[in-house]
Amino acid sequence: ARAMADQFTLYVPDRRGRAMSGPYCEDHGLDDEVEDLEALLSETGAHYVFGLSSGAVIALQAALRIPSITMLALYEPPLETETMTQRAWVPRYERELARGDLAAALVTVLKGTADRTALRFVPRALLEVGIRLGIRAAARKPSPPGVVHPLDLIATIHYDAIIVAEAAGPLERFASLGCEVLLLGGKRSNKSLEAAVDGLAPVLPGARRVTLSGVGHTAADNGGKPELVAAELRSFFDG
């Protein structure tokens, strides 16, 4: 957002359960996320949407229902079909989360969604030791007002998994999209995410497809290479 703010007006929402937004509602799911996005678009008058990961799933589903979305940029939506899964790690994560073991739960997420980097080869036990130390240190540091505490984010992944599950189905249903689409991905990303973009591309023959070198799934994050993603978004949204 900072890399694009000189050219565009950007709205970066806190999804439910994060920072200044309210908590998740009972039986929260994909429809609620789409309604939240629709409310934001209605309030701001925005017509361009960028979504990353589960946010890309929400944005894609919203574009089917909200005609005011005229340009849609997606970074590796974890879409599932009968032959492609993204949630093999979820049952173990849910068990660890239920018993309050945040370190183990986070390691399960990291291992299950890992980019094609050295992280895949780090022994789980060793990774847990490092994560536990990090969690203890983070627990001693309160977040400033309006900023979600990083430990609170571990539990929100539960809702991301629900969104991915509810969005599962034939990719052909997205052929009816009436907006322009940019499909983004990283060369180092998990193969299951690459497969999702590969499956979506032929359904949207008019979509622009860009694969970024040297980055994976979190390229758009502050700790990744956000300037690379911003450059592609600038080119796309500026026409």
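## Basis

The model is predicted: local features need pLDDT of at least 70, side-chain atom pairs count only at pLDDT 80 or more, and totals for chains, interfaces and linings use all residues. Residues are numbered from 1 along each chain as its sequence is written, and side-chain values use heavy atoms, with hydrogens and water left out.

## Burial of S2

Helices (H or I, at least four residues) and strands (E, at least two) are DSSP runs, numbered from the N terminus. Strand S2 covers residues 71–75, and five of the five are buried, so the strand is largely enclosed by the rest of the structure. Buried means under 20% relative accessible area, exposed over 50%, and partly exposed in between (1.4 Å probe, protein chains only). Met71, Ala73 and Tyr75 lie on one side of S2, with Leu72 and Leu74 on the other; both faces are covered.

## Strand partners

Two strands count as paired if DSSP finds at least two bridges between them. S2 pairs in the parallel sense with S1 (residues 48–52) over five bridges, and Leu72 is the bridge partner of Val49. S2 also pairs in the parallel sense with S3 (residues 180–186), over five bridges; here Tyr75 stands opposite Leu184.

S1, helix H2 (residues 54–65) and S2 form a right-handed β-α-β unit. Right-handed means that, with the strands pointing away from the viewer, the path from the first strand over the helix to the second runs clockwise.

## Loop residues with positive phi

Ser53, in the loop between S1 and H2, has a phi near 60°, a positive value in a residue other than glycine.

Glu76 is in the loop between S2 and helix H3 (90–98). The phi of Glu76 is also positive, near 50°, and this residue counts as buried at 2% relative accessibility.
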